[in-house]
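Please keep the sequence and the 3D view at hand while reading.

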Amino acid sequence: MTFDKEYYNLGRLDRLSYKNTFVHRLDPRAKLIATLLFLFTVISFSKYEVVALIPFFLFPVLFMTIGDIPFLFILKKVLIVSPFAIFIGIFNPLLDTGHVLVLSGLTISAGWFSFFSILLKFALTISAALLLIATTPFPSVCHAFRRLGMPSLFVSQLLFLYRYIFVLVEEAMRIVRARDMRSFGASGTGIKVFVRIIGILFLRTIERAERIYYAMLSRGFQGDIPTFKRSHITAIDLVFVASTILFLFVFRFFSVTQGVGRIAQELFR
Amino acid sequence: MHMADALLSPAVGTTLWAGTLAAMGYASKKMKEKFDDKIIPLMGVLGAFIFAAQMINFTIPGTGSSGHLGGGMILAIMLGPYAAFLVMASVLTVQALFFADGGLLALGCNIWNLGIYPCFLVYPLIYKPLVGDSRSPRRILVASLVSVVAALQLGAFSVVVETLWSGKSELPFGTFVLLMQPIHLAIGIVEGFVTAGVINYVRNARPEILESITASRPLGAEISVRKVIITFVVLVVVTGGALSWFASTHPDGLEWSIEKVTGKSELPTQEHGIAPVLKSIQEKTAFLPDYNFGPASTEEKKKEESASWPGIEAGTSVAGIVGSAIVLGMVMLIGLVIRSFRRRHT
């Protein structure tokens, strides 16, 4: 059943983020900034760029291997969300039909290049964002957001949301199980029952919010959620960000792939 | 449907992030003005509720396919626009991070498309006037249907415009609109029924709950249309300014001219001189105008000023292919080495 699986995936990402590796120990702010710069660099390439994007896979690969994140897990998540980008991109080869010589005798339409470019960018950006969250506990990401200037109300909203996703999803799971036990085939899974389920879930949510609020009041809540763990930027973090910038700069402005190809051609001539 | 990083250009991504951040700052400022800290846990838990509700799917009658809830309108109706916008933004952030829906740079677009429209445009301008003070279920049904459909149409249209501005897709404007709008009309109708159903259900089952939320929510009732419009004008001016700044720093003009095309085709009122304008734009936007330029290898110059073809000399592309294979191999090798190294040490 897909519901259980989705829930399991959410929890798995959370558990992965509490490992203790070099990547996990980096300051969340440093990782956030590095990831954003990476995303920005990747999407700044022109629409026909394929070759120059390939070196950028180094970044997710390093995150994945040093951070000890299972490759197949990330791959599966990337594939699950890929249909939209593929759907939009697949029109490029059909519509952009100008022919381009690739090898002597082999020509393909220019649209294929922009399609592959979209696919590569998609894989790079999605995996980078997933790896950020797989190597950083979500509360730390939230505090990084706050330190980087997001409104504090929004940040506490995120923290709350994350804290109660698991609770409410379990609640929803119980309701859905009950529905599925009582419905055979398609009967009972229609819109009417769905509306009532959502209604019930909403009422339970409101009641829960009330209980939470009183519990928080009795523990001295004053409208803000303070940070528990202080994080400090260390020299390692600075080195990390600096080397990321250097690496992005080199791969962005020098055609590394072409160069490697040329050297290889010279060698094997 | 979520916008994706891969279809986005930096200019469009940053511009919409700027607009979204401004709206977030504005919403939190507004919330703080009449602050009741009871709303913090309520908002948080309702965000989680939207999440849980989105994971439950139902069968759409007659089609056999299944749908799920978007939730922006329900939140706006229950919590008022400011709180609802912040909740929606947080839901989309968590979705972008955990389910990789869209991506981090596209998150600005997604919050804009799915948060700003229902909360700041449709709710005050369509839902409130339609429902008024009435509590009749039928009125709520009509209002929710119209609002959800309107919000989703606006959102879908924005996805089209954002994609075209970014210039990564070849889809012509008309085709893309025809693909997106009808799908979202169908989704909107289903979701409109669900939204109305949930609101009426809650109102019947526990009317006092809705009343108490209404009482504790800040400014929900007295939001003025004028203010909303002014805010929008400011947002549009700011984002437009940012966009043109970015566009002029990109002398390649590709993004800029596409933006002009879509800008023009949105305003069909200009009867005079539309044909020559369109023609000149078409000349400008003909992809790869210098398509069959000579075999000059331009890899030195193909930094960001030339968004055109990176040289089609056969030697260059061979080097490209060989280089790609080698670089990919090296990246994989690095990964494998680190991984086996780690395995040995743990």
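## Chain B in outline

The model is predicted. Chain B holds twelve helices and two strands. Their order along the sequence is α-α-β-β-α-α-α-α-α-α-α-α-α-α. Chain B has 346 residues, and 48% of them count as buried.

## Helix pairs

| Helix pair | Axis separation | Crossing angle |
|---|---|---|
| α5(B) and α6(B) | within 9 Å | roughly 150° |
| α4(B) and α5(B) | 9 Å | about 160° |
| α3(A) and α12(A) | within 9 Å | roughly 5° |

Start with α4(B) and α5(B). Helix α4(B) covers residues 81-98, and its axis packs against that of α5(B) at about 160°. The two helices are therefore roughly antiparallel, since an angle over 145 degrees counts as such. Their crossing is right-handed. On the α4(B) side, the contact residues are Pro81(B), Ala84(B), Phe85(B), Met88(B), Ala89(B), Leu92(B), Thr93(B) and Ala96(B). The α5(B) side includes Leu107(B), Ile111(B), Leu114(B), Gly115(B), Cys119(B), Phe120(B) and Pro124(B). By class, this contact has 15 nonpolar and three polar residues, with no charged ones.

Helix α5(B) also packs on α6(B). Here α5(B) spans residues 107-131 and α6(B) spans residues 137-166. Their axes cross at roughly 150°, so this pair is roughly antiparallel. The crossing of α5(B) with α6(B) is right-handed. Its contact residues divide into 20 nonpolar, four polar and two charged.

Helix α3(A), residues 28-43, and helix α12(A), residues 235-253, cross at roughly 5°. That makes α3(A) roughly parallel to α12(A). From α3(A), the contact draws on Ala30(A), Ile33(A), Ala34(A), Leu37(A), Phe38(A) and Thr41(A). These meet Asp237(A), Phe240(A), Val241(A), Thr244(A), Ile245(A), Leu248(A) and Arg252(A) of α12(A). The classes are nine nonpolar, two polar and two charged residues.

## Where the chains meet

How many residues of chain B are in contact with chain A? There are 97, and they touch 101 residues of chain A. Several elements of chain B each supply at least two residues to this side: α1 (10-33), α2 (39-55), β1 (58-59), α4, α7 (173-205) and α12 (314-345). Helix α12(B) gives the most, with 19 residues. This side of chain B has 63 nonpolar, 21 polar and 13 charged residues.

## The core and Phe85(B)

The largest nonpolar core has 164 residues. Phe85(B) and Leu86(B) have the most contacts inside it. Yet the largest share of this core comes from chain A: helix α8 (residues 110-135) of chain A gives 16 residues.

Which residues does Phe85(B) touch, leaving aside its neighbours within four places in sequence? They are Ala23(B), Ala27(B), Gly115(B), Ile116(B), Cys119(B) and Phe120(B). Gly115(B), Ile116(B), Cys119(B) and Phe120(B) are also among the α5(B) residues in the contact with α4(B).

## Single residues

Leu121(B) lies in helix α5 of chain B. Is Leu121(B) buried or partly exposed? With 18 other C-beta atoms within 10 Å, Leu121(B) is partly exposed, because being buried takes 20 or more. Not counting residues up to four places away in sequence, Leu121(B) touches Ile116(B) and Leu154(B). Its C-alpha atom is 8.2 Å from that of Ala151(B), 30 residues apart along the chain.

Ile39(B) sits in helix α2 of chain B. It has 26 C-beta neighbours inside 10 Å and therefore counts as buried. The C-alpha atoms of Ile39(B) and Pro124(B) are 20 Å apart, with the two residues 85 apart along the chain.

In chain A, Asp68(A) is found in the loop between α4 (58-66) and α5 (71-81). Asp68(A) is not a glycine, although its phi is positive, about 60°. Asp68(A) counts as buried, because 20 C-beta neighbours lie inside 10 Å.

Key: Residues numbered from 1 in each chain as written. Chains lettered and ligands numbered in written order. Predicted model: local features only at pLDDT ≥ 70, side-chain atom pairs only at ≥ 80, totals over all residues. Axes fitted to C-alpha atoms, helices over the stretch in contact; angles between N-to-C directions. Helix = DSSP H or I, 4+ residues; strand = E, 2+ residues; numbered from the N terminus. Parallel < 35°, antiparallel > 145°, perpendicular 65-115°, else oblique. Left-handed = near helix turned anticlockwise from the far one by under 90°. Nonpolar A, V, L, I, M, F, W, Y, C, P; charged D, E, K, R; others polar. Buried ≥ 20, exposed ≤ 12 C-beta atoms within 10 Å, placed from the backbone. Contact = placed C-beta atoms within 7 Å. Core = buried A, V, L, I, M, F, W, Y, C linked by C-beta atoms within 7 Å.
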